[in-house]
Amino acid sequence: MSSISTFTPGAKKHLTETDIRSKFITPALSGTGGAGWNLMTQIQEEKYFTKGRVIVRGKTVQRGEAKKADYILYYKPNLPIAVIEAKDNNHSVGAGMQQALEYAEILDVPFAYSTNGDAFLEHDRTAVGGTVTREIPLDQFPSPEALWTRYCAAKNLTPPQAAVATQDYYDDGSRKSPRYYQLVAVNRAVEAIARGENRILLVMATGTGKTYTAFQIIWRLWKAGTKKRILFLVDRNILADQTKTNDFKPFGQAMTKITNRTVDKAFEIYLCLYQAVTGTAEDQNIYKQFSPDFFDLIVVDECHRGSAADDAAWRQVLEYFTTATQIGLTATPKETKEVSNSEYFGEPIYTYSLRQGIADGFLAPYKVVRIGLDKDLDGWRPEDGQIDKHGQLIEDREYNDSDYDKNLILEKRTETVAAKVTEFLRATNRFAKTIVFCENIDHAERMRQAMVNANPDLAAANSKYVMRITGDNEEGKAQLDNFIDPEATYPVVACTSRLMSTGVDAQTCHLIVLDKRIGSMTEFKQIIGRGTRINEDYNKFFFTIMDFRRATALFADPSFDGDPVQIYEPGPDDPPIPPDDNGTTPTVAEDPPDYGDGSIIDTGTGTTPATKYYVHDVPVSVAMERVQYLDENGKLITESLTDYSRKAVLKNYASLDAFLASWKAADRKQAILEELASQGVFLDELAEQVGQGFDPFDLVCHIAFDRPPLTRRERADGVRKRDIFGKYETKARTVLEALLDKYADAGIASVESLEILKVDPLRAFGTPVEIINLFGGKPGYLAALHELETALYQEAA
């Protein structure tokens, strides 16, 4: 590696940021005479650490900008210790510091640096007094050992504690690195335990890899020799099995799963359901076959589920093994008068929320389709003396959606829900994995029958197209792995009540249907989490929630932390898919009872009433229509879309003249439209309301400045009538005529892209280079294109 380059100050000003990095910064870190950082193992340059938010716009899905650090420095692999933001030499040394500090905070690294190739500005985030910021000469950047020593001193880490904190991660040889938030969670937990903390709480949204995070924590503590016997507690059989065969597989022969209430003390890593080691009778509490000091570490997965109460099963286990270090993992920390995670574990040492996961692009955003049924909104009262299908006299009172599918069954209601779900699937993808959440097992079975009747062709082709997957049904539970498997086509539609609300890693779930009342934020977040995983290989970037019970009103709860990208409430005759998606695919009982064999049986909610009425002849229909969207900050827009868009345009352009001047001056008109879209102007959705075929330019002028809109075809015809292409040769004129047709069909964005020259009918005129040469080269082609655009919008000027 060469030493630091020498340039005259004037020459240095002409270098790009990339040149500054390669000629000055990288040599200062790892070159001859540099600070001693290993270029292969300790330096990552231009490192992307987020994926970029998934942006759903109309019929398209794209990634937003991902966060990228110029340099991340590691003391050891997966132990980041510093970030560096570089600027070219026309900036000051500290010009990148604010960005460096933002990234340092996100990545949880102690040291942030900014540089322009002349020197480094350091910000020590561990400092609570004395010098926090200082300038360092370019050739005096601190070594890895120097930074680590300063960090250990700031954290009061003793050498034995530091040895645990630097224990290697598990590496399967693929060089795959954990995501940044997983590193933060693992490193904070391991360091806290190394310092002697014994109660740890980690809050990580569903779909962010809690089990993998737990594995790396356990692996490092196990390999360091700090924790020799470890218990991993779960409350779903499938969770234990998934954990053993997937994330925990590297433990190999050192690991066992406690089954059949038998204990073998010859292992080091134990997986078990807490129901399998506890019970109401003393002889069922088999965890007491272990001595109280047997385990060094206990990790409780999903420690929110009915389990934060003082008398919860896992609380009994933890209090028995009170000398062990204990870690709680949850997606939804529970804090009520009766139940508390933080009361037991303390405040979370790290939280990675659903909102943050969506913003980073690691979790899928979602749309919401709200459907209000007339009997839900208006209630239903039986006629005097009305009997149900079994001849029972129906109690005379007002029934509402708190009764439906519990003590009053409106069979037509179930059929209507199934019809709407089927209509959505027919319009998008009939093989999109779908979970329908029902009130109870009986409701789930009736929903299964209704979905079969609504899809007779596919149900006849394969009996597993629709399955009831509930705790009491062995056939359904046997299909759970196939539903989760992205490569398995069947089952497609799973009707459930509680069994699939947690712990089911359904990566390709595209549709979640809520036909049950949900009063618990914990359960609501868990259900939403069934769809938040992204699977790019199977084109799963977002999902849809179809809500029949107004459960998504919980979005407005301050404790909810991940907003939808769109909320749509169709009317009686409207399709159940949002208007920009037609035909495209891009308080309850907190826990079900335990039946002693590790199974969780979902029985629905509340107490089953003595009398249940089945009414088969009361019609049910869709009753309402309302469309709502989210602004660029993720907040629900409560005014009309047109009014909101008008205000968004006027924030950028105070008058029509200002907009026209900016439009006329823009080399790329599409750039203005993209900027407006980023400010919350929903052009695709406005087109649905105003009418198809209008130029976005006309939509903006119409909704913001009350100008009558012209269609793209009308604008194209106006240009033809003026015959402005007469000065061009015949072939070039034909190209411009074809571009005009493309504009009329697809809009200005397609015309401004050179890719348009590769598609019919333009490619009939030759290669893109040959077409451009018809105009004397690229400058001539771009000038002709500019003339075309000027003519299209001439009367507007």
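In this predicted model, helix α23 meets helix α24 through Leu 683, Leu 686, Ala 687 and Val 690 on the α23 side and Pro 696, Leu 699, Val 700, His 702 and Ile 703 on the α24 side. The axes of α23 (residues 683-690) and α24 come within 10 Å and cross at roughly 75°. Because angles of 65 to 115 degrees count as roughly perpendicular, α23 is described as roughly perpendicular to α24.

Asp 698 pairs with Arg 715, with the closest N and O atoms 2.7 Å apart. Asp 698 belongs to α24 (residues 696-705) and Arg 715 to α25 (residues 712-722), so the pair ties together parts that are 17 residues apart in sequence. Both Asp 698 and Arg 715 are buried.

Helix α25 has a further link, to helix α26. The side chains of Arg 720 and Glu 737 meet in a salt bridge with an N to O distance of 3.0 Å. Arg 720 lies in α25 and Glu 737 in α26 (residues 730-746), 17 residues apart, and the pair links distant parts of the chain. Glu 737 counts as partly exposed because its relative accessibility is 29%, and Arg 720 counts as partly exposed at 27%.

Leu 656, Phe 659, Leu 660 and Trp 663 are buried. These residues cover an arc of only 95° around the axis, which means that they sit on the same side of α21. An α-helix has 3.6 residues a turn, so residues three or four places apart point the same way. Asp 657 and Ala 665 are exposed and are carried on the face of α21 turned away from its buried side.

An open sheet is formed by seven strands in the order β11-β12-β10-β13-β14-β9-β15, with parallel pairing. Its edge strands, β11 (255-257) and β15 (350-352), each pair on one side only. Neighbouring strands of this sheet are turned by 15° against each other on average, direction ignored. Within the sheet, β10 (residues 230-234) and β12 (residues 269-273) run parallel and are joined by five bridges. Leu 233 stands opposite Cys 272 in β12.

Two helices lie across strands of this sheet. Helix α6 (residues 180-194) lies across β9 (199-204), β14 (325-330) and β15, and runs at about 175° to β9. Helix α7 (residues 210-223) lies across β9, β10, β12, β13 (297-300) and β14, and runs at about 170° to β10.

Arg 188 forms a salt bridge with Asp 108. Arg 188 is in α6, whereas Asp 108 is in the loop between α3 (97-107) and β6 (111-115), 80 residues away. Arg 188 counts as partly exposed at 31% relative accessibility, and Asp 108 does so at 29%.

| Asp 108 | Arg 188 | 3.0 Å |

A network of salt bridges links Asp 376, Asp 405, Arg 413, Glu 439, Asp 442, Arg 446, Asp 515, Arg 549 and Lys 612.

Methods:
Residues are numbered from 1 along each chain as its sequence is written. This is a predicted model: local features need pLDDT of at least 70, side-chain atom pairs count only at pLDDT 80 or more; totals for chains, interfaces and linings use all residues. Side-chain values use heavy atoms; hydrogens and water are left out. Two strands pair if DSSP finds at least two bridges between them. Helices (H or I, at least four residues) and strands (E, at least two) are DSSP runs, numbered from the N terminus. Axes are lines fitted to C-alpha atoms, for helices over the stretch in contact, and angles run from 0 to 180 degrees between N-to-C directions. Contact means heavy atoms within 4.5 Å. Buried means under 20% relative accessible area, exposed over 50%, partly exposed in between (1.4 Å probe, protein chains only). The arc is that of the directions from the helix axis to the C-beta atoms. A salt bridge is a side-chain nitrogen of Lys or Arg within 4 Å of a carboxyl oxygen of Asp or Glu. Angles under 35 degrees count as roughly parallel, over 145 as roughly antiparallel, 65 to 115 as roughly perpendicular and the rest as oblique.
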